[in-house]
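Please look at the sequence and the 3D structure shown here, and then read the notes that follow alongside them.

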Amino acid sequence: MRATVMYAAGDVRVETVPDARLTEATDVLVTVTRAAICGSDLWPYKSMEPSETGRRMGHEFIGVVEEVGVDVRTMKAGDLVISPFLWSDGTCVFCREGLQPSCLHGGRYGADGVDGGQGEAVRVPQADGTLVVLPVERDDALMPSLLALTDVMATGHHAALGANVGRGKAVAVVGDGAVGLCGVLAASRLGAEQIIMLGRHPERIAIAREFGATDVVSERGDEAIERVRELTDGLGVDSALECVGLEQSTVTALRSVRPGGAVGRVGVPQEDSIPEGESTFFDNVTIGGGPAPARAYMEELLRDVLDGRIEPGRVFDRVGYLDDVPDGYRAMNDREAIKVMIEL
Ligand SMILES: [Zn+2]
């Protein structure tokens with residue numbers, strides 16, 4: 001089969017790899033129908049050390065069940081299924097708490113003998129705990145929004161929950177990538193009254209407005225923090241969503257909140273330490289976030305997509321085929337595209 005392999009920074013190839021096949025009784029073999037490139041795929045794209053064997057890529061996909069292991073109970077061949085960006089058993093102590101990223105028997109796609117999502121097929125471990133059967137056909141018009149539930153919409157929702165977003169709150173969203181935009185949508189869905197989007201790219205701002213942003217701050221650094229304060233009577237926001245992971249964006253989020261506020265961090269941190277330790281301590285700022293338990297949020301967000309209440313698929317502004325994946329990485333890295341959907 002063909003799949004995406006990254007060999008070094010800037011070196012992504014689509015090539016022939018061993019066919020995906022069942023190995024455990026709890027596995028399902030999925031033929032991928034839609035996949036996506038993630039903002040987090042761009043971190044290795046910027047910095048990966050050259051590797052002889054390469055690294056299989058992709059963790060966002062929807063597909064058709066081809067074959068099920070003998071212990072799989074909740075799906076059958078022919079079912080259309082969606083996967084969260086991590087696989088998990090659904091039964092361990094952390095899964096039962098809705099913290100699937102910490103599953104005792106779970107893991108990542110594209111690692112330890114598990115296929116990546118940017119390819120023709122994937123062996124999904126712990127299928128009963130991981131996959132959700134979709135009640136639509138494989139080419140349904142909702143496909144982009146469903147695909148967004150595998151990661152970016154769940155991650156935006158997680159940022160909002162980590163930042164204690166709720167009815168009537170003032171929120172700042174740092175990061176205008178797909179996750180930041182979904183963070184705006186999530187904050188709006190949770191009833192935030194004021195949603196300040198930090199960004200300067202006109203097309204991204206337009207989507208943020210559609211998703212519920214009430215204000216836009218195009219300044220950066222200290223000036224951005226100043227503008228957020230001006231927009232909130234000098235106090236700062238109740239909730240800040242950090243959707244980038246760099247030091248400057250983290251500082252902006254931490255310094256935009258008012259005393260007693262909360263920051264939800266979902267950008268994969270590119271620094272070892274969290275800045276603003278002293279100021280956030282004395283302001284009683286809560287710092288939450290982490291990798292989203294996308295599986296825990298799947299049913300709730302799926303219902304809203306199926307009912308047409310949210311359309312997170314708006315973040316996909318480019319569609320390609322498997323051979324277009326390398327150019328998709330380039331386009332997202334150059335900020336020419338917000339997010340790329342791959343049709344198989
Ligand atoms: Zn588990």
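## Met153 and the nonpolar cores

When neighbours within four places in sequence are left aside, Met153 is in contact with Ala148, Cys182, Leu185, Ala186, Leu301, Ile310 and Pro312, where contact means heavy atoms within 4.5 Å. A second, separate core of 32 residues includes Val12, Ala35, Tyr45 and Phe61. A nonpolar core is a set of buried Ala, Val, Leu, Ile, Met, Phe, Trp, Tyr and Cys residues joined through side-chain atoms within 4.5 Å, and buried means under 20% relative accessible area, with exposed over 50% and partly exposed in between, for a 1.4 Å probe and protein chains only.

The largest nonpolar core has 55 residues, of which Leu146, Leu149, Met153, Val165 and Leu241 touch the most other members. Helix α6 gives this core its largest share, eight residues.

## How the model is read

This is a predicted model, in which local features need pLDDT of at least 70 and side-chain atom pairs count only at pLDDT 80 or more, while totals for chains, interfaces and linings use all residues. Residues are numbered from 1 along each chain as its sequence is written, and side-chain values use heavy atoms, with hydrogens and water left out.

Helices (H or I, at least four residues) and strands (E, at least two) are DSSP runs, numbered from the N terminus. Strand β12, residues 194-198, is mostly covered, since five of its five residues are buried: Gln194, Ile196 and Leu198 lie on one side, and Ile195 and Met197 on the other.

Two strands pair if DSSP finds at least two bridges between them. Strand β11 (residues 170-174) pairs with β12 in the parallel sense over five bridges, and Val174 stands opposite Leu198 in β12. From β11 the chain crosses through helix α6 (residues 178-189) to β12 in a right-handed β-α-β crossover; right-handed means that, with the strands pointing away from the viewer, the path from the first strand over the helix to the second runs clockwise.

Strand β13 (residues 215-217) also pairs with β12 in the parallel sense, over three bridges, and its Asp215 stands opposite Ile196. Here β12, helix α7 (residues 202-211) and β13 make a right-handed β-α-β unit.

## The zinc site

The zinc ion is coordinated at 2.1 to 2.3 Å by Asp89 (OD), Cys92 (SG), Cys95 (SG) and Cys103 (SG). Donors are N, O and S atoms within 2.8 Å of the metal (3.2 Å for Na, K and Ca), and water is not among the atoms, so sites may look incomplete. In sequence, the donor residues are spaced D-x2-C-x2-C-x7-C. Asp89 counts as buried because its relative accessibility is 10%, and Cys95 counts as buried because its value is 6%.
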